[in-house]
Every structure is written in C-alpha cells, then in structure tokens.
Amino acid sequence: MKTLNSLYWLKKEKRQIENQIKELTILSAVSISGMPSGGNVTSPVECFNERLEQLREKLQQKCDEILSETERIEKVIESIEDADVRVIARERFISNKSFQTIGDELYIDRTTAYKKLKRYFENKGEKQ
C-alpha cells in the first residue's frame, strides 16, 4: 500500500512548483524598475524569466511523472477483484481522499474503508 501513496507526494510537489511560479510572477511584476543595468550584468527581468522557464520545465516533468504514476497505480487497482476495494483504492490512491471522506461517501465507517483496503493487500501478500 505504501508505494501506492506516491501519487499524493507527486501532486504535492506539483502544487509547490505551481506556487513558486505564482510567487515569482508576482515578484517579477513588482520588481521591474526603470533603472539601467550595467554592462554584462543581466537585468532582473531576464533573471526572473530564466527562473520562470526553469520552473515551467520542472512543472512539465512533474506532470509527466504524475501521469505515468497514475497509469501504474490504475493498473494495480484494476487487478483488484473486489469492486468495493477497487472503489476505495481508487478514491484513496488516485483522488487522494482521506478514509473519513471515503467512508462518508460510501456510507461506511472510515475504519471499515481502511480495514478493507489493508486486509486486501495483506491477503495478497503485497507491500504496495
């Protein structure tokens, strides 16, 4: 079950990069000045644009990782025979929902959702 949680962390990293891009965009708009820059010194705008481009590339890489990881996790989930467990697994590992939210949506206790999922992977002998 543990490696199936990797999508959560990838999505968290993606949000962090998106926030960095937002902050840099705001900062670059604020710090543009009319002051001339000297000889070989790059302008602040060029520095911001370069950093922004790096972050956008990093964001694209993260999106590619998320897509790949989602496909891998979906294959594992599709191999689950029990429809209840499949739904719980998809909500937990793809949608990153808490067991409380899953339980509420499925009209079961959060511990029931957790135990069904845990029991399935223990019975399969997999350390996902």
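Glu 91, leaving aside residues up to four places away in sequence, touches Asn 96, Lys 97, Ile 102 and Glu 105 in this structure, which is a predicted model. Glu 91 is itself found in helix 3, and with one of the residues it touches, Lys 97, there is a polar contact from side chain to side chain at 2.7 Å.

Two packed helices are described by the angle between their axes and the distance between the axes. For helix 3, which spans residues 83–94, and helix 5, which spans residues 110–124, the axes come within 10 Å and cross at roughly 105°. Because angles of 65 to 115 degrees count as roughly perpendicular, helix 3 and helix 5 are described as roughly perpendicular to each other. On the side of helix 3 the contact is made by Asp 84, Val 85, Ile 88, Ala 89, Arg 92 and Phe 93, while helix 5 contributes Ala 113, Lys 116, Leu 117, Tyr 120 and Phe 121.

The structure holds zero disulfides. Since partly exposed covers the range between under 20% (buried) and over 50% (exposed) relative accessible area, Cys 47, at 42% relative accessibility, counts as partly exposed, and Cys 63, at 28% relative accessibility, likewise counts as partly exposed.

Key. Residues are numbered from 1 along each chain as its sequence is written. This is a predicted model: local features need pLDDT of at least 70, side-chain atom pairs count only at pLDDT 80 or more; totals for chains, interfaces and linings use all residues. Side-chain values use heavy atoms; hydrogens and water are left out. Axes are lines fitted to C-alpha atoms, for helices over the stretch in contact, and angles run from 0 to 180 degrees between N-to-C directions. Helices (H or I, at least four residues) and strands (E, at least two) are DSSP runs, numbered from the N terminus. Angles under 35 degrees count as roughly parallel, over 145 as roughly antiparallel, 65 to 115 as roughly perpendicular and the rest as oblique. Contact means heavy atoms within 4.5 Å. A disulfide is a pair of cysteine sulfur atoms within 2.5 Å. Buried means under 20% relative accessible area, exposed over 50%, partly exposed in between (1.4 Å probe, protein chains only). A polar contact is a pair of N or O atoms within 3.5 Å; within protein, one must be able to donate a hydrogen and the other to accept it, and residues adjacent in sequence count only if both atoms are side-chain atoms.
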